[in-house]
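Please read the following note with the sequence and the model side by side, and look up each residue as it comes up.

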Amino acid sequence: MKSLWLLLGGSVLLWAALLYPGWLWWGETALVHSAAAWVLGVLPGAATTAWALRREQTPELRVLVVLAGSGIRMAAALGGGLVLTELLPETFTKIFWLWVGVFYVALLTLEVLVLVRQQPSSSIT
C-alpha cells in the first residue's frame with residue numbers, strides 16, 4: 001500500500017512542478033491539459049500498481065504485470081486523449097499531446113521504480 005501512495009504522491013508532485021512553467025507558456029489551458037493528462041496516466045498506473053502489489057509474485061510474473069500495465073496505460077492514455085481531442089477539439093489542442101507524452105513517460109518510470117524497489121532481494125549462495 002505504501003508503494004501505491006508513493007506513486008500517487010510522486011505523480012502529484014510532478015504535476016505541481018510542471019504546472020507553473022506550463023501556466024507561464026500556455027496560460028489557463030495548461031491547467032486543463034495537465035490535469036486531464038495526469039488523470040489519463042495516473043488512473044491506469046495506480047490500477048496496475050495495485051494489481052502488481054496485490055500478492056507475492058514471482059519475479060517473472062511481476063515483469064509480466066509491468067509489461068501488461070504498460071499496455072493498459074498506453075491504451076488508456078492514447079484512447080482517452082483521442083476521445084478528448086475528438087469531442088472537445090477547441091479545448092484539447094496539439095499541446096495536450098505534449099502533456100500526455102510527458103506524464104505517460106514520467107508515470108511509467110515512476111511505476112517501474114516503485115515496483116522494482118518493492119521486489120524482494122535475492123541472496124546469492
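1. Threonine 48 is buried, with a relative accessible area of 3%, where buried means under 20% relative accessible area, exposed means over 50%, and partly exposed lies in between (1.4 Å probe, protein chains only). This threonine 48 lies in helix 2, a helix here being a DSSP run of H or I of at least four residues, while a strand is a run of E of at least two, both numbered from the N terminus.

2. Before going further, please keep in mind that this is a predicted model, in which local features need pLDDT of at least 70 and side-chain atom pairs count only at pLDDT 80 or more, whereas totals for chains, interfaces and linings use all residues. Residues are numbered from 1 along each chain as its sequence is written, and side-chain values use heavy atoms, with hydrogens and water left out.

3. What does the side chain of threonine 48 make a polar contact with? Its partner is the side chain of glutamate 111, at 2.8 Å; a polar contact is a pair of N or O atoms within 3.5 Å, and within protein one must be able to donate a hydrogen and the other to accept it, while residues adjacent in sequence count only if both atoms are side-chain atoms. A polar atom of the threonine 48 side chain also lies 3.1 Å from the backbone oxygen of glycine 45. Leaving aside neighbours within four places in sequence, threonine 48 is in contact (heavy atoms within 4.5 Å) with Val65, Gly69, Ile72 and Glu111.

4. Glutamate 111 belongs to helix 4, which covers residues 94–118, and glutamate 111 is buried, with a relative accessible area of 2%. The side chain of glutamate 111 is also joined to that of threonine 49 by a polar contact of 3.5 Å. If residues up to four places away in sequence are not counted, glutamate 111 touches Leu7, Gly45, Thr48, Thr49 and Arg73.

5. Two packed helices are described by the angle between their axes and the distance between the axes. For helix 2 (residues 29–52) and helix 3 (residues 59–87), the axes come within 9 Å and cross at roughly 155°; axes are lines fitted to C-alpha atoms, for helices over the stretch in contact, and angles run from 0 to 180 degrees between N-to-C directions. That makes helix 2 roughly antiparallel to helix 3, since angles under 35 degrees count as roughly parallel, over 145 as roughly antiparallel, 65 to 115 as roughly perpendicular and the rest as oblique. The crossing of helix 2 and helix 3 is right-handed, that is, the near helix is turned clockwise from the far one by less than a right angle, anticlockwise being left-handed.

6. The contact of helix 2 with helix 3 has 11 nonpolar, six polar and two charged residues, where Ala, Val, Leu, Ile, Met, Phe, Trp, Tyr, Cys and Pro count as nonpolar, Asp, Glu, Lys and Arg as charged, and the others, Gly among them, as polar. Residues of helix 2 in this contact include Leu40, Pro44, Thr48 and Trp51, and those of helix 3 include Arg62, Gly69, Ile72 and Arg73.

7. On helix 1 (residues 2–26), the axis comes within 10 Å of that of helix 2, and the two cross at roughly 165°. That makes helix 1 roughly antiparallel to helix 2, and the crossing of helix 1 and helix 2 is right-handed. Among the residues that make the contact are Leu7, Trp15 and Trp23 of helix 1 and Ala35, Trp38 and Thr49 of helix 2. By class, the contact of helix 1 with helix 2 divides into 15 nonpolar, six polar and no charged residues.

8. Buried residues make up 34% of the 125 residues, and the C-alpha atoms fill a box of roughly 60 × 25 × 20 Å, taken along the principal axes.
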